[in-house]
Amino acid sequence: MNIAIILAGGSGSRTEQSVPKQFISIYEKPIIIYTLEAFQQHPEVDGIIVSCIDGWHDVLKGYAAAAGITKLRWIVEGGDNGQSSARNALLTLEEVCKQDDIVMIHDAVRPMISQEIITDCITKAKQYGSGLSAIRCQETIMRTEDGEVGHIGIDRNDIMRVQTPQAYQYGKVLWAHKEALKQGITNAVYTNTLMMELGEELHFSYGSNKNIKITTLEDIDIFKALYETKRDAWLKEK
């Protein structure tokens, strides 16, 4: 069984909007629905669980029902950060998932995720135990202490930009989140950082520069441009 865990617990303060960024409507559809549709459409995804910001559970249910998101089976409380939101979902699945089932942890605000990304993520996790959507870094990288000056370069060939989804075998990732709490690790940015702190080796899967994370108003403009390009391609195919 393959389950998608969607992290939608953030308030999105950097977009400076009155609603959480995952519920901002673009072309008359909330961002989170674009994301859910991608997993809904994938034939290998058996179910979806969303860790949702408090007060928006019923809103999400309504949007999902209207969009025909039939694979949405659980909505749980979002946490204070990504780690706790993921943990809440993983604990909810304890009575559902087997040890070798695959769970994909994905940001609700990455709506441009492709079917190819999901497929390879699942494939790598089944083969190696983990599959982290990632891409090579194209920019020049410098190390800095204060964000103002830098004098040490980092070879970009030694760097991968990790995105979501991140897929893991359920038993392993559940152990990792429980073990992290025991060791006092409580603020991991993503599950992969938590895994690395626990000494785990991780495998990369296919990623894309189009798989953007919407964090600022500028990102919304980028999403609109990418989506329009995608929609034009659909029209030309017809």
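## Helix packing and nonpolar cores

The axes of helices H1 and H2 cross at roughly 50° and come within 10 Å of each other. The model described here is a predicted one.

On the H1 side, the residues of this contact are Ile32, Ile33, Leu36 and Glu37, and they meet Leu60, Tyr63, Ala64 and Ala67 of H2. Sorted by class, the contact of H1 with H2 has seven nonpolar residues, no polar ones and one charged residue.

H1 is mostly covered, since ten of its eleven residues are buried. Among the buried residues of H1 are Ile32, Leu36 and Phe39, together with Tyr34, Thr35, Glu37 and Gln40.

A second pair of helices is formed by H3 (residues 82-92) and H5 (residues 170-182), which pack at an angle of about 130° with their axes 10 Å apart. That angle makes H3 oblique to H5. The crossing of H3 and H5 is left-handed. In this contact, Gln83, Ala86, Arg87, Leu90 and Leu91 of H3 meet Tyr170, Val173, Leu174, His177, Lys178, Ala180 and Leu181 of H5. By class, the contact of H3 with H5 has eight nonpolar, two polar and two charged residues.

The table sets out the two pairs.

| Helix pair | Angle between axes | Axis distance | Handedness of crossing |
|---|---|---|---|
| H3 and H5 | about 130° | 10 Å | left-handed |

In soluble globular proteins, nonpolar side chains tend to be buried together. The largest nonpolar core of this model has 28 residues, and those with the most contacts inside it are Ile32, Leu36, Phe39, Ile48 and Val50. At least two residues of this core come from each of strand S1 (2-8), helix H1 (31-41), strand S4 (47-52), helix H2 (57-67), strand S6 (102-107) and helix H4 (115-128). Apart from this core lies another, of 26 residues, which includes Trp74, Leu93, Ala176 and Ala180.

Which residues does valine 50 contact, leaving aside its neighbours within four places in sequence? Valine 50 is in contact with Ile6, Ala8, Ile32, Leu36, Leu60, Leu72, Trp74, Ile75 and Val76. Of these partners, Ile32 and Leu36 also belong to the H1 side of the contact with H2, while Leu60 belongs to the H2 side.

Conventions: Residues numbered from 1 in each chain as written. Predicted model: local features only at pLDDT ≥ 70, side-chain atom pairs only at ≥ 80, totals over all residues. Heavy atoms only, no water. Core = buried A, V, L, I, M, F, W, Y, C linked by side-chain atoms within 4.5 Å. Buried < 20%, exposed > 50% of the residue type's maximum accessible area, 1.4 Å probe, protein only. Helix = DSSP H or I, 4+ residues; strand = E, 2+ residues; numbered from the N terminus. Contact = heavy atoms within 4.5 Å. Axes fitted to C-alpha atoms, helices over the stretch in contact; angles between N-to-C directions. Parallel < 35°, antiparallel > 145°, perpendicular 65-115°, else oblique. Left-handed = near helix turned anticlockwise from the far one by under 90°. Nonpolar A, V, L, I, M, F, W, Y, C, P; charged D, E, K, R; others polar.
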